[in-house]
Amino acid sequence: MEEGGFRVDPVTIDTTKIKTAKKKPVTALEKLEDTGLINTVLAAREREGLILFSTIDQIFNWARLSSLWPVSSGLACCAIEMMATAMAHHDIARFGMEIFRASPRQADLMFVAGTVTKRMAPRVKQLYEMMPDPKWVIAVGSCASTGGPYIESYSVLKGVDLIIPVDVYIPGCPPRPEAWLYGIIQLREKIKNEGYGAKWGLNK
Amino acid sequence: METDELIINMGPVHPSTHGVLRFKLRMDGEIIKECTPVLGYLHRGTEKLGEMKTYLQFIPYTDRLDYMSAFPNNYAYVKAVEELAGIEVPLRAEYIRVITMELNRIVNHLVSIGSLLLDLGASTMIMWGFRERENALQLFEKLCGARMTFNYIKPGGVREDIPEGFIPQLNEFLKDMEKRIEDYEQLINSNEIFLMRMKNIGVISAEDAINYGMTGPTLRGSGVDYDLRKYEPYSIYPDLDFKACVRDECDSYARYIVRIEEMKESLHILRQVVDTIPEAKIVSNPKYGVAPMTGTPSAVSTYFPRIFTPPTGEVYSRIEAPKGELGFYIASDGTTKPYRVKIRSPSFCNLTAIPKMVQGLKIPDLIAAFGTIDVVLGDVDR
Amino acid sequence: MTANAYELIVYILTLLGVYEPILNVFQVLGIEYIFKILIVLVEVGILFVFVLLTVMFLTWMERKVVAMVQARYGPMVTGPRGLLQPVMDGVKLIGKEDIIPAKADRWIFTLAPFIVFIPALLVFIPLPFGQSLIISDLRVGLLYIIAISAVSPIAILLAGWASNNKYSLMGAMRAVAQDISYTIPLALTAIAIVLFTGSLSTVDIVNAQSGTWFGIIPKWFIFLQPLGFILFLIASIAEMGRIPFDFQESESELVAGFFTEYSGMKFAMFFLAEYAHLFAVSGIVVTLFLGGWTFPILPFVPAMLVPLVSLGIFLVKTYAVIFFAMWLRDTVPRVRIDQLLNIGWKIMVPLALLNLLLAGFLVTAGVF
Amino acid sequence: MAWISKNWTMSGIIKGLIVTLKHVLHIGNRPTVTVQYPYERMKLSPRFRGLHAVDENACIGCGICEVNCPNSTITIVKHNTRWYPQVNIGMCLFCGICVDVCPMNAMKMTGNYELADYTRESLVYGPDRLLFNKEVKQ
Amino acid sequence: MNAAEELKQKLPAAVVSTGMQVNKPMAVIKKEELLNAARKVKEMGFDHLSVITGTDYKDHFEVVYNFFSYNNKHNLVLKVIADHDKPEVDSLTSLWKGADWLERETYDLVGIKFRGHPNLIRILLPDGWNGHPLRKDYDMNTEQFVTVGENGDDIVSPDGTNLLRRK
């Protein structure tokens with residue numbers, strides 16, 4: 001599907017460049033700090049030199065991390081745990097995320113929950129492309145992260161990051177709902193540290 | 001009057017196709033003229049992997065076929081292997097297996113009914129269903145350390161014995177569950193809108209249902225009194241008192257009622273099993289004889305064979321999974337790996353009848369009828 | 001006693017002693033009308049801000065009510081008990097990319113959200129929020145309300161058609177069919193009320209309900225016309241497009257209905273309009289059948305406080321109706337589109353006519 | 001339609017409304033069940049199969065876990081002059097076969113499920129993050 | 001007397017041999033006589049076609065049909081042996097509608113053609129997929145990628161440049 005409108009490329013962090021940590025980090029946030037990611041972002045802001053816009057950034061970041069609407073696309077086993085995460089015992093609604101939008105146009109976040117087969121891969125990519133910026137992807141479970149149990153299979157894509165950029169990986173087969181929530185919290189931490197003045201061309 | 005046909009592609013990403021199924025619909029306005037399910041968006045090549053893994057290594061993969069009810073999958077595969085190799089199973093292990101399978105049947109039906117109601121637009125039932133499901137999953141986790149993919153039932157027994165505190169918790173769950181089912185019935189059963197949506201929708205006669213190879217609650221909803229647990233008994237089901245739940249309206253509502261009744265029957269079975277579970281061994285070992293009753297992982301690792309070679313031959317073994325007849329065909333060539341694994345999955349065969357069921361209905365009816373045959377795409381596509 | 005919000009503002013300013021001096025200033029400059037326009041702008045501004053805040057609160061309330069029914073908490077993290085959640089959603093949607101599909105009709109695609117959003121606000125103009133808390137007591141208030149709410153199907157049709165998406169188009173078609181078939185029983189039951197009051201003015205309708213029978217039972221039209229109330233409630237839930245009648249966006253069938261292709265602020269407008277509509281329609285239900293802002297305790301309230309207390313009464317009643325709509329939404333599934341139309345034409349319309357007949361009998365018998 | 005005229009009382013819907021209202025008001029053992037995860041946690045089963053842990057002294061690096069792993073998640077790597085397993089938990093099934101087959105009972109599965117991470121590379125858990133020392137722990 | 005023997009008595013020309021598949025009576029049927037035998041089997045009351053399995057035995061293919069009778073609660077297994085070069089057997093769709101998808105699946109994954117099938121196309125893998133994966137000589141190393149065409153259909157190509165972000 002073609003898209004109209006103007007597209008914006010937000011200032012995203014190339015997480016692939018992060019190498020292994022020096023110390024033994026415990027939480028992923030510590031890992032983030034360990035790799036100097038926050039400092040990188042701060043330095044990028046200082047270069048622009050506008051504190052006001054970084055405040056706007058912070059407001060928008062706060063809004064964005066507080067209202068991540070996922071697109072409701074389950075692929076396989078992990079989708080059931082996605083439902084479990086949204087349900088009464090774990091209640092993703094506490095983070096304001098219970099609005100699972102069936103239309104990707106209104107979503108901010110995509111859970112790649114389950115095995116991405118080769119036949120499904122172009123559709124997943126299309127779904128991702130239909131989402132408006134800024135958007136994030138969480139690869140859930142072994143299948144979406146690397147191909148997992150089906151890595152030797154002839155019809156399974158070996159990791160969804162081959163086709164779309166992934167922000168957070170949640171291992172587990174499938175991960176229990178708390179692990180999902182932990183992954184979501186990690187994503188919130190990441191969004192907190194992103195620079196998004198790009199909409200008005202302020203940060204560039 | 002000349003009208004144009006509208007062709008709608010429902011799926012593979014659509015809120016009510018329970019995953020990644022796609023319907024190609026030829027529509028005349030809102031009426032479905034022809035419905036063609038397009039499968040394979042979750043085809044993961046499990047059967048090929050079955051040939052590449054050893055018998056024990058393949059058990060985790062069976063969990064991921066019908067991920068709503070993994071225990072029956074485990075059991076069906078293990079039963080096939082046991083029949084192939086002629087392994088006897090200690091009684092306590094069979095009791096534990098029946099506990100897990102019946103619990104899993106309840107879980108499966110909860111999610112099935114919940115997602116049916118969600119597709120019809122009522123979001124509450126699925127929340128309540130998952131609330132009880134979570135309690136059951138805590139039992140599973142207590143028993144085997146995982147919530148959905150268990151890898152628990154092994155050839156000749158089960159992986160670990162029942163832990164302390166499991167039976168009281170199970171009893172509590174059973175007591176709780178009865179009240180909850182009353183709640184569900186009060187919420188749904190006589191709801192006029194629900195009846196309007198379900199009665200006389202997705203009708204399939206008994207002859208058609210048999211001819212299409214439908215099994216499980218979908219078949220019993222069409223008035224065929226057939227339950228493999230009863231008429232081709234396996235495990236300890238011959239000793240248990242239960243009935244096959246049959247309704248003969250043949251429509252979506254009948255299939256829904258069959259599921260509710262089956263949950264009650266499962267509770268009944270569980271109550272019997274919990275009362276009579278024997279104190280005995282949980283693992284029998286084809287090579288080392290029968291192991292003593294154990295509960296610790298170390299004992300399991302001691303008494304479980306790492307490599308396992310059944311004799312040459314082939315077997316087709318089937319059980320009554322929550323969704324219908326689940327069968328495993330295994331051909332062995334006497335090596336450590338199966339020569340061929342074929343999975344007869346209930347969802348796949350039940351789905352065959354969908355085009356017949358929904359012809360001349362509308363999209364909302366397609367969703368209602370599709371919801372009641374309870375398809376899991378991992379099971380369809382394998 | 002003031003008649004509407006304009007006069008109320010003038011009255012308050014006079015009480016504060018600032019009205020005359022300011023008016024004098026403008027009179028000296030010869031631009032007295034500008035002052036009047038300013039006052040109107042202020043009152044309309046207050047109304048719109050109030051409506052928008054209510055709408056935001058309603059989204060929060062909806063999520064909390066759903067959560068309560070479903071044995072969970074709902075939004076908790078953002079702000080105290082998640083109260084800031086709607087604000088965050090709004091800010092986020094402002095910052096989202098605005099996609100216009102390449103095959104869409106750009107102009108109509110952009111226009112449609114506004115055509116949905118503006119009538120949703122305009123409905124509030126003849127709605128009495130409390131004694132003298134009304135922007136304008138139109139003499140054809142009820143007709144105006146029904147006419148304005150009939151605009152939104154047009155916008156929905158525009159949105160669905162302009163999106164160039166099959167689901168959107170089907171959602172739009174359904175929404176229009178539904179709106180047309182339910183506006184008729186809605187209007188018919190409203191006419192039954194007009195039979196009693198003899199006036200289309202909403203203020204007259206409320207005033208007619210201000211007394212009591214036997215000193216206990218308030219003279220609300222719900223007691224005179226229980227059938228009319230039920231019909232009106234069902235028709236207005238259908239008009240709002242909420243479960244069990246939410247065809248325009250029935251998620252499990254049509255993905256997101258007519259706004260499948262909308263993103264960012266445009267989507268937010270549909271979202272806001274939906275909740276503004278909910279608030280407005282609940283307000284109309286209250287005005288027509290539940291006595292509006294009247295309550296038997298009002299005569300005992302000091303005259304100064306009456307606008308405030310009556311506003312409180314109105315809001316309590318409105319929120320009760322809203323809660324009922326939300327509660328119903330969490331209980332029942334969705335009906336099918338043809339069943340909905342069947343109910344509309346074969347049951348609701350005859351019953352509404354019957355109700356009209358009953359009302360006529362009651363009026364002729366001089367019951368009211 | 002005839003069917004609706006039979007059911008005009010809508011008693012079923014009213015029944016449903018009563019049940020949902022009971023939930024809103026928490027009447028009769030229908031409490032809010034949410035566990036607020038970062039602040040509260042569910043009780044975890046001791047058998048829970050989470051992140052692996054390898055006993056530093058017991059492991060002999062024999063590679064039986066590597067062979068038995070269904071999808072080659074485990075590789076044996078050198079670490080401080082000895083050989084230990086390295087687990088790519090981004091690929092792992094968490095099936096527990098490696099624990100079952102370990103001849104020395106060196107492999108354990110802990111209750112750690114908080115494994116989410118930003119990169120695929122950091123999902124590979126080498127011996128430095130898997131090893132634990134039994135003597136020190138006890 | 002079990003069902004296989006009974007079938008052999010009724011159709012001596014069709015049945016090559018009888019035996020047991022663990023606990024189920026099995027009859028090996030001549031390829032040409034399959035449809036006749038199936039018709040006879042249906043007359044005998046076996047109304048449920050449980051599963052169709054195709055297996056590649058390198059020099060020949062075996063197609064196994066598992067039947068079940070709801071009335072008599074009996075099992076019966078039919079086995080047909082097909083050539084490896086030109087695997088083709090009769091379709092049972094005229095007798096059991098449920099055979100439709102099972103045969104399509106067998107065609108898709110094992111590559112056995114069913115004569116007389118109304119719509120013998122791939123079901124699990126996309127049209128145009130190269131090879132039948134459950135054959136023993138299927139090359140697991142060839143990468144095939146799928147892209148989406150105009151009306152949502154799949155296009156298979158060995159080239160994944162449009163799809164993949166990076167190698």
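**Figure 1. Burial and geometry of the pair F23(B) and F370(B) in the predicted model.** F23(B) and F370(B) are both buried in this predicted model. In the pair shown here, the ring centres of F23(B) and F370(B) are 5.3 Å apart and the ring planes stand at 90°, so the arrangement is edge-to-face. F23(B) belongs to strand β2 (residues 22-28) of chain B, whereas F370(B) belongs to helix α15 (residues 363-373) of chain B; the pair therefore ties together parts that are 347 residues apart in sequence.

**Figure 2. The stacked pair W220(C) and F223(C).** The planes of the two rings, W220(C) and F223(C), are at 15° and their centres lie 6.3 Å apart, so this pair is stacked. W220(C) has a relative accessible area of 12% and is buried. F223(C), with a relative accessibility of 45%, is partly exposed.

**Figure 3. An aromatic cluster with residues from chain A and chain B.** One aromatic cluster is formed by Y150(A) together with F58(B), Y61(B), Y77(B) and F328(B).

**Figure 4. Arginine side chains of chain A over aromatic rings of chain B and chain D.** The ring of Y41(B) has the charged end of R119(A) over it, with a distance of 4.6 Å to the ring centre. R176(A) is placed over the face of F48(D), 5.1 Å from the centre of that ring.

**Figure 5. The interface of chain B and chain E.** Contacts involve 43 residues of chain B and 48 residues of chain E. About 3700 Å² is buried between chain B and chain E, and 55% of this area is on carbon and sulfur atoms.

**Figure 6. Salt bridges and polar contacts between chain B and chain E.** Four salt bridges are found across the interface of chain B and chain E. A salt bridge joins the side chains of E51(B) and K136(E), with an N to O distance of 3.1 Å. Between chain B and chain E, 17 residue pairs are in polar contact. On the side of chain B that touches chain E, at least two residues each come from β2, α1 (46-52), α8 (206-211), β8 (313-321), β9 (324-332), β10 (338-344), α13 (346-351) and α16 (377-381) of chain B. The largest share of this side of chain B is supplied by β8(B), with five residues.

Notes:
Residues are numbered from 1 along each chain as its sequence is written. Chains are lettered from A and ligands numbered from 1 in the order in which they are written. This is a predicted model: local features need pLDDT of at least 70, side-chain atom pairs count only at pLDDT 80 or more; totals for chains, interfaces and linings use all residues. Side-chain values use heavy atoms; hydrogens and water are left out. Rings of Phe, Tyr and Trp (its six-membered ring) pair if their centres lie within 6.5 Å; planes under 30 degrees apart count as stacked, over 60 as edge-to-face and the rest as tilted. Helices (H or I, at least four residues) and strands (E, at least two) are DSSP runs, numbered from the N terminus. Buried means under 20% relative accessible area, exposed over 50%, partly exposed in between (1.4 Å probe, protein chains only). A charge sits over a ring if NZ of Lys or CZ of Arg is within 6 Å of the ring centre and within 35 degrees of the ring normal. Contact means heavy atoms within 4.5 Å. Buried area is the accessible area (1.4 Å probe) that two parts lose on being put together, summed over both. A polar contact is a pair of N or O atoms within 3.5 Å; within protein, one must be able to donate a hydrogen and the other to accept it, and residues adjacent in sequence count only if both atoms are side-chain atoms.
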